[in-house]
Every structure is written in structure tokens, then in C-alpha cells.
Amino acid sequence: MEPIIKVQNLGKQYRIGSDRSAYSTLRETLVSKFRSPLNGRNRSAHKKIWALSDVGFEINPGEVVGIIGRNGAGKSTLLKILSRVTEPTTGRVELHGRVGSLLEVGTGFHPELSGRENIFLNGAILGMSRTEIARKFDDIVAFAEVEKFIDTPVKRYSSGMYVRLAFAVAAYLEPEILLVDEVLAVGDASFQRKCLDRMKDVGRHGRTVLFVSHNMPAVTRLGERAILLDQGTVLQDGPSHKVVGSYLKSGLGTMAAREWPDLATAPGNDIVRLRAVRVRTEAGDVSDAVDIRYPVGIEIEFEVLQPGHLLIPNLHVTNEEGVLVFIAADSDPTWRRTQRPVERFVSTAWIPGNFFSEGTMIVAAAVSTMDPVAIHFFERDAVAFQVIDKFEGDSARGDFAGSFPGVVRPKLRWTTGRAESGMAATTNLEVEERAS
Amino acid sequence: MTSETFSKTVLESKPGDPNTNGLLASPSKQPVVIIDASKSSVSGGLRELWAYRELLYFLTWRDVKVRYKQTLLGATWAILQPLLTMLIFNLLFGRLARIPSDGVPYPLFAYSGLVIWTFFANSVTNSGNSLVGSAHLITKIYFPRMIVPAGAVAAGLVDLALAFVVQIGLMIYYGVHATWALLMLVPLVLLTTMLALGVGMWLSGLNVKYRDIRYAIPFLIQLWMFASPIIYPVSLLPQKWRWAVTLNPLTGIIQNFRIALFGNQPFVWKSLAISAGITTLVVTYAVYSFHRMERRFADIV
């Protein structure tokens with residue numbers, strides 16, 4: 001089979017200026033030309049970095065490939081080159097087929113225009129013809145579930161509606177090659193599910209999908225193949241569960257801790273901002289490999305910027321199938337009814353051992369005010385960790401080494417009595433339960 | 001392959017249809033895009049521009065639609081701008097300064113100049129700022145970049161049409177008879193559009209790189225207005241300086257625009273030829289420099 005995407009020796013160099021602004025002012029250029037008229041390009045002061053270097057791979061028609069890696073690994077740059085938004089510095093790409101790219105949901109949406117008008121505008125921007133959009137219009141509206149508001153300007157939409165509509169337009173874009181950048185991180189869970197299904201469908205119909213995601217479960221679920229990028233090079237390319245697994249295990253992912261050093265861009269608002277989320281073992285180490293038998297602590301570090309609010313940190317743990325395992329909110333009475341002063345807090349939630357199933361757990365961290373309800377930040381995929389069973393015989397699986405499914409895997413207390421009749425055994429168990 | 005025929009091929013192959021795979025297994029039949037770092041060709045030229053014509057239509061339509069949303073007077077602004085300016089000019093230059101107007105009533109004279117000038121000025125301003133204003137699009141999605149400034153100019157055409165309705169009204173009021181010369185309006189508007197596109201496109205590209213341009217545009221427009229025969233007729237100038245004014249491509253356009261409307265004298269072909277020549281040069285240079293600059297738009301905008 002001929003590959004549909006062929007990437008060879010691809011490289012992209014960016015210039016990072018000391019003044020941090022990419023564009024220059026006319027005066028700057030004139031001054032530099034005047035100062036050194038002989039060397040026309042006086043740019044040696046700028047540092048150059050390779051966002052991508054020597055990247056090569058081939059993708060066959062119908063493949064759904066996830067691109068993973070840390071922030072700054074070059075994932076988005078790769079998609080930008082493939083979608084022709086930016087030019088590579090070295091190398092060559094061959095794309096056999098129409099390319100549709102979805103680098104950001106709602107690109108080109110205009111707040112003043114109605115939902116109907118935006119569907120046409122956005123569709124045209126994404127490369128659909130007017131007749132094509134008209135034909136798919138009803139499906140798009142139904143998919144987005146915004147029938148009632150279709151003639152309302154989108155600036156009056158809730159953010160959920162906005163995102164749904166934007167994704168719906170993109171979901172009906174039907175090129176042979178679809179490039180998607182982290183759009184799965186939007187919308188509510190049920191809508192996310194719908195989008196994932198839709199993308200799966202796209203893959204099944206023989207279309208090729210290349211998508212960037214930090215959502216490891218989505219990567220394993222959606223595609224059979226994943227490419228791991230690090231510092232602009234391909235570190236691993238293979239079956240997605242293997243690549244995701246080794247990404248999470250290697251320190252590379254540092255999925256166990258995330259920090260937001262810059263207060264201004266950290267998730268949050270004027271009241272409180274998220275500074276860090278960490279996964280800790282009982283011994284206090286930050287680790288993304290957690291023994292199934294021992295407790296694990298999820299640490300949320302946040303900075304209160306405005307005094308006088310009741311702030312409740314909470315976390316949402318999802319497993320690799322996207323199933324929400326539980327939500328937990330800080331119930332410590334100390335801060336539950338006490339207005340917080342301006343200070344940096346660290347709240348740790350201890351999840352007992354013998355609770356999780358094996359596999360990857362993804363933690364979303366939030367700080368909310370409960371009455372009236374306000375969510376100050378909700379950081380999806382803040383951290384992740386793997387729950388590992390070492391098969392030493394004292395975990396909930398006992399001596400069984402095969403597949404042991406289930407959302408949680410509690411190690412329950414089992415009691416046994418000698419049964420004189422079936423009824424007696426049951427009664428005995430109930431009595432024991434009550435006693436404990 | 002246009003986008004329309006493409007979508008048909010895809011739509012006609014049903015899900016699970018073996019043809020879908022068959023279609024994709026022979027990539028030679030698909031449009032092939034080759035991105036090569038050694039060949040600088042992000043944009044695919046005229047054919048691609050044509051393939052994206054619907055996007056031009058939608059961007060123009062968006063500009064027109066959005067411009068007057070949540071405004072009290074709506075599209076009336078397109079008329080008010082030249083009309084109020086004309087009233088002031090009439091008072092200052094027609095009544096007080098008594099500037100001659102080639103035998104046409106001064107309000108009519110000033111308005112006709114202002115109609116075409118307002119179109120030109122707004123188009124250059126809007127398209128000059130268009131790329132920077134569409135940064136979110138440019139960094140996210142590929143399409144021929146030229147469409148952005150072109151859309152801004154095209155949206156100006158709609159305003160021009162509205163303002164022109166008042167022009168007709170004024171002509172009826174002053175009893176100007178229609179002549180065959182009116183037909184010349186079509187090539188004249190076309191020429192103005194090309195000139196505005198050329199200047200606007202060039203400025204929009206520069207604006208991405210040098211944000212000074214945003215501040216320079218209003219100033220440039222102001223100077224250009226005084227250098228063009230809007231307030232005054234070319235005949236007011238001393239003979240030996242007329243050639244200099246004719247080098248301004250708008251001179252030939254405005255001059256002949258009035259003649260086309262009023263049919264009161266023969267066309268000044270010489271100044272029109274100079275306008276057309278300079279416009280061609282401007283557009284050629286603008287396309288060339290835009291092409292060179294557009295490779296880096298997404299990285300620096």
C-alpha cells in the first residue's frame with residue numbers, strides 16, 4: 001500500500017529574539033541596516049532553536065495516528081507544517097489527498113454572526129464548498145444540539161454550545177487526511193465521547209487521521225499507532241498502547257507533576273490560580289508509577305489572590321477508558337467554612353491503597369466555591385499515574401494473573417463460616433458486615 | 001480538482017464500501033501536495049486562488065455583515081461618510097474658498113470625487129490591517145493568504161454601491177443627463193479596485209512584519225487625499241505642475257470618473273493610461289512582495 005503521508009528529514013527552525021517579540025519595528029530594521037550596512041542581516045544576536053529536526057515517518061491510508069510528547073516537543077509544529085500553515089526549514093512532505101486541519105476548534109468563528117452564518121463561514125474556512133455545507137447543514141446542527149439557537153449570535157452561546165457547534169462543523173469536514181490538534185480537551189464528557197466516536201468513524205471510513213493529544217487514554221483508544229516526539233525528534237513510533245506506556249513510564253512524560261511557574265498564564269482567575277499538581281507516594285516521592293496496594297496522594301497547590309472566598313479544592317479521577325472513577329472534594333472542616341487569606345496552599349487528597357484498578361488514571365484538578373457554585377479553574381489532564389500490580393500475591397487479585405477488569409479493585413474483607421444451609425451463610429455475612 | 005468535485009467523490013463512496021479503500025489506495029488519483037523546504041512555494045498560485053473563491057466570498061460577506069451589526073444606523077454609514085464630508089467641503093471650499101469645479105455644481109463635483117475616494121481609502125485601510133486582524137486564522141489554517149486583503153477590498157465595493165445610490169440621486173436633483181460615457185464607470189471602478197488591492201495587499205504584508213504600518217496608514221491616506229483632485233479640479237493647477245499630479249494613479253481615475261458621470265467633456269485618455277500603467281506596476285510588485293513575505297506570516301504575525 002502506498003503511504004498517504006510521507007515525511008522525510010523534516011526540520012523547522014525558529015528564531016527566538018531576546019526582545020521576545022517576533023515582529024520587528026521598522027525603526028529597528030532601519031537602525032540595524034544603518035549601523036552595519038555591509039552585512040544586510042544583522043541577526044546573529046538572535047538564538048535559533050530547532051522545533052523539529054530530522055523527523056521522518058510514513059502513514060498509510062486509513063491509519064489513525066496519535067502524536068504525543070511533552071509540551072514543546074514539536075507536536076503542534078509538525079501539524080502546522082503538514083497543514084501548510086508554516087513552512088519547514090528542511091525536508092520534504094508528500095500528502096496524497098485533500099488535507100483538512102483542525103488546529104483549533106472554532107477557528108474563524110465570528111461572535112457577532114449567528115450559528116447558521118458561522119456554520120457557513122467556518123465551513124468555508126475549513127475548505128468546504130457552499131453546496132457541501134448546505135447539504136450537511138442539518139446534520140451539523142443536530143450533532144451540535146443547538147437547533148433552538150441557530151439564529152442567535154454565537155456570542156450569546158454558552159461556552160459548551162460554542163464548542164459543540166465548532167466541533168460539529170469540523171466533524172463533518174471529510175478530507176482524506178484529517179489533522180487534529182488537541183480538540184478532544186473541550187466540551188463536556190458526553191460530547192467528548194460523541195466526538196471520539198465520530199473520529200473513530202472517520203478512521204473506519206478509510207480516512208487518515210493524525211491527531212495531537214495529551215489525553216493518553218484517547219490516544220490508545222482512537223488509534224492503533226502513536227508517534228512519540230521529544231525535543232523535535234521522533235523518539236518512538238509503534239503500536240499506541242506501547243508508545244503511550246513507555247511515554248508514561250519514562251520520566252519524559254513527567255505526568256506525575258505539573259507546575260505553572262508563570263502566575264499570569266496559570267489556570268484560574270483573579271481569585272485563585274493553580275500552581276502545581278503532583279502525585280506522591282506515602283514516602284513523599286513524586287512518582288507516576290503507583291503500587292496498587294499503597295495509598296497515593298494527589299497534591300493540589302494553588303495561590304489565593306483575593307481574600308474572603310470559600311475555596312474548596314477538588315479532583316476528578318478518570319481511567320484510561322474515559323470512565324470517571326470518582327470526584328472528591330476537600331471536606332476538611334478547617335477551610336470548609338473559613339474564608340481564605342491571600343496565601344499559597346497545598347491540599348493533598350490521600351486515596352487509599354487497594355482501591356484503583358490497574359492502568360492509567362488521569363487526574364483533573366479544580367478549585368471551586370460551592371455556594372453559589374463557581375469554578376475558579378478546572379484543569380483537565382493535570383496529572384496522570386499508572387497503577388501497577390506487582391503480583392506479589394497480597395493484592396486484590398490474589399493469585400489470579402489473568403485479566404481482572406473493573407473500574408475499582410477494592411480488597412474486601414472476606415469472611416467465611418461453615419454453611420449448614422445456604423441461608424445461614426448469607427445471614428452470617430450480614431451480621432459480620434454490620435459488626436465491622 | 002475543485003473542492004466541489006472532491007467532496008462528491010468522497011460522499012459517493014459509502015462507509016465500508018471497498019471502493020473507499022480502493023480510492024485511497026491509489027494516491028496518484030488524489031491531489032498531491034508536496035511541501036519541500038528547498039522550494040519556497042507555500043501558495044499554489046492562481047489556480048489555487050480560484051479554488052478558494054468561495055472563501056473570498058464568505059470573508060467578504062462576513063466583513064459586510066459584521067461591520068454594521070449592533071450599529072444604530074447600519075449601512076447608512078456607507079452613505080453618511082462621503083455625504084457629510086461633501087457638505088463640509090461644499091461649505092469650506094465651494095462657498096468660502098470658491099474653488100472652481102469644471103462647470104459642475106460643487107456639491108456634485110465633491111461628492112463624485114469622494115465616492116470613489118472613500119472606497120479607495122477604506123479599502124486600503126481595511127486591507128492593510130486585515131492580515132494582522134486575521135492572525136488567529138493565519139496561524140491555524142492554510143488558505144491562500146491573498147484572500148484576506150482581497151476580501152477587505154471586496155467588502156468596500158458593497159459600500160461603494162450604496163454610496164453610489166446617493167450619487168445618482170444628486171445627479172437627478174441637479175438635472176444631469178445620463179450619457180453613454182457612464183459605461184466607462186465599470187473599467188474605472190475595476191482599476192480603482194486593482195489599485196486598492198495592490199496597495200492594501202502590500203501594506204498588509206508589511207504590517208505583519210512592521211507594526212508601524214498600522215500607524216502610517218491613516219497618515220498616508222490623509223496625504224494622498226490632498227494629493228488627489230477631490231477638493232479641487234486638475235485644471236486649477238498651473239500647467240507646468242499638472243504632470244506631477246498625473247503621476248498619482250488616482251488623478252486619472254477621479255478625473256475620468258467625473259467625466260463618465262457628467263459626460264461634459266471628452267475623456268482624458270493620457271492620464272487614464274498613466275493610471276493604468278502605474279496600477280499594473282503596483283499590483284505586480286505587490287503580488288511579488290506578498291509572495292515573498294507570506295511564507296513567514298504564520299511565524300511572525
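**Figure 1. Packing of helices α6 and α12 in chain B**. Helix α6 of chain B, which spans residues 106-133, packs with helix α12 of chain B, residues 249-262, at an angle of about 130°, and their axes lie 10 Å apart. The two helices, α6(B) and α12(B), are therefore oblique to each other, and their crossing is right-handed.

**Figure 2. Residues in the contact of α6(B) with α12(B)**. On the side of α6(B), the contact is made by B:Phe109, B:Ser112, B:Gly113, B:Ile116 and B:Phe120, while α12(B) brings B:Leu250, B:Ile253, B:Ile254, B:Phe257, B:Arg258 and B:Leu261 to it. Sorted by class, this contact of α6(B) with α12(B) has eight nonpolar residues, two polar residues and one charged residue.

**Figure 3. Confidence along chain B and for the complex**. The average pLDDT of chain B is 84, and 87% of its residues score at least 70. Over residues 1-29 of chain B, however, pLDDT stays under 50, and for this stretch the model has 35 contacts beyond four places in sequence. Where pLDDT is low, the predicted coordinates should not be read in detail. For the complex, the predictor gives an ipTM of 0.76 together with a pTM of 0.70.

Notes. Residues numbered from 1 in each chain as written. Chains lettered and ligands numbered in written order. Predicted model: local features only at pLDDT ≥ 70, side-chain atom pairs only at ≥ 80, totals over all residues. Axes fitted to C-alpha atoms, helices over the stretch in contact; angles between N-to-C directions. Helix = DSSP H or I, 4+ residues; strand = E, 2+ residues; numbered from the N terminus. Parallel < 35°, antiparallel > 145°, perpendicular 65-115°, else oblique. Left-handed = near helix turned anticlockwise from the far one by under 90°. Contact = placed C-beta atoms within 7 Å. Nonpolar A, V, L, I, M, F, W, Y, C, P; charged D, E, K, R; others polar. pLDDT = per-residue confidence, 0-100.
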